[in-house]
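Please read it with the structure open.

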Amino acid sequence: FTYYFLGMQVIFSLGEELGWRGYLLNKLKKKIPSFYFRAFFVGFVWGGWHIPYYIQLGLTPLQMGIFLLNVILISVVFTWLFEKRQSVLPTVVAHATHNILFNAILPIITLKQSAPDIFFGESGVLATIAYVLAILIFIVVGKQRNKQIV
């Protein structure tokens, strides 16, 4: 990695998180009481915003659909981080870390794999599985904490 790459990921993530969570999610919180609906809606808009870029890169419709699903799923985690702390700082760190992982680290690890692209990257099924598992962990941990509070 270079410091330039790391700095650019933080700057890009800050810009997106100020818009998606800092502005849009805050506006929706007053209008949409359901945590999951807010998270899914922001994820859908956020993922849709990336689609022209991925069309330009030549992703297939299936890959774009998986990418959109993945962004909606990761939006649940980012929404939780934002609403728990009422700050974009945790989501900026998570977003930048995600981008570094998917744009710099995983491509090196999976470079020599002969499996189809549908498995790897932000538009891959393995990311979908990881996001679903992360959300399930959030749900289980949340239920355990609620039981301890009562």
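**Overall fold**

This is a predicted model. The protein chain has five helices and zero strands. From the N terminus on, the order of elements is α-α-α-α-α. The chain has 150 residues, and 37% of them are buried. The chain exposes about 9500 Å². Carbon and sulfur atoms supply 72% of that area.

**Helix pairs**

Two packed helices are described by the angle between their axes and the distance between the axes.

| Pair | Angle | Axis distance |
|---|---|---|
| α2 and α3 | about 135 degrees | 7 Å |
| α1 and α2 | about 145 degrees | 10 Å |
| α1 and α3 | roughly 75 degrees | within 11 Å |

Start with α2 and α3. Helix α2 covers residues 35-57 and packs on α3 at about 135 degrees. That angle makes α2 oblique to α3. The crossing of α2 past α3 is right-handed. The contact of α2 with α3 divides into 19 nonpolar, six polar and two charged residues.

Next come α1 and α2. Helix α1 spans residues 3-31, and its axis lies 10 Å from that of α2. α1 and α2 also have a right-handed crossing. On the α1 side, the contact uses Glu16, Glu17, Trp20, Arg21, Leu24, Leu25, Leu28 and Lys29. These residues meet Arg38, Phe41, Val42, Val45, Trp46, Trp49 and His50 in α2. By class, the contact of α1 with α2 has nine nonpolar residues, one polar and five charged.

The last pair is α1 and α3. Their axes come within 11 Å and cross at roughly 75 degrees. This makes α1 roughly perpendicular to α3. From α1, the contact draws on Glu17, Arg21, Gly22, Leu25, Asn26 and Lys29. From α3, the partners are Ser75, Phe78, Thr79, Phe82 and Glu83. The contact of α1 with α3 counts three nonpolar, four polar and four charged residues.

**Single residues**

Ser13 lies in helix α1. Is Ser13 buried or exposed? Ser13 has a relative accessible area of 0%, so it is buried. Leaving aside neighbours within four places in sequence, Ser13 is in contact with Val92, His95, Ala96 and Asn99.

Thr128 belongs to helix α5, which runs over residues 125-149. The relative accessible area of Thr128 is 14%; buried means under 20%, so Thr128 counts as buried. Beyond neighbours within four places in sequence, Thr128 is in contact with Ile66, Leu69, Asn70 and Leu73.

Where does Gln86 sit? Gln86 is in the loop between α3 (61-85) and α4 (89-110). Phi of Gln86 is near 50 degrees, a positive value in a residue other than glycine. Gln86 has a relative accessible area of 47% and is partly exposed.

How values were computed
Residues numbered from 1 in each chain as written. Predicted model: local features only at pLDDT ≥ 70, side-chain atom pairs only at ≥ 80, totals over all residues. Heavy atoms only, no water. Helix = DSSP H or I, 4+ residues; strand = E, 2+ residues; numbered from the N terminus. Buried < 20%, exposed > 50% of the residue type's maximum accessible area, 1.4 Å probe, protein only. Areas by Shrake-Rupley, 256 points an atom, 1.4 Å probe, with all protein chains shown as cover. Axes fitted to C-alpha atoms, helices over the stretch in contact; angles between N-to-C directions. Parallel < 35°, antiparallel > 145°, perpendicular 65-115°, else oblique. Left-handed = near helix turned anticlockwise from the far one by under 90°. Nonpolar A, V, L, I, M, F, W, Y, C, P; charged D, E, K, R; others polar. Contact = heavy atoms within 4.5 Å.
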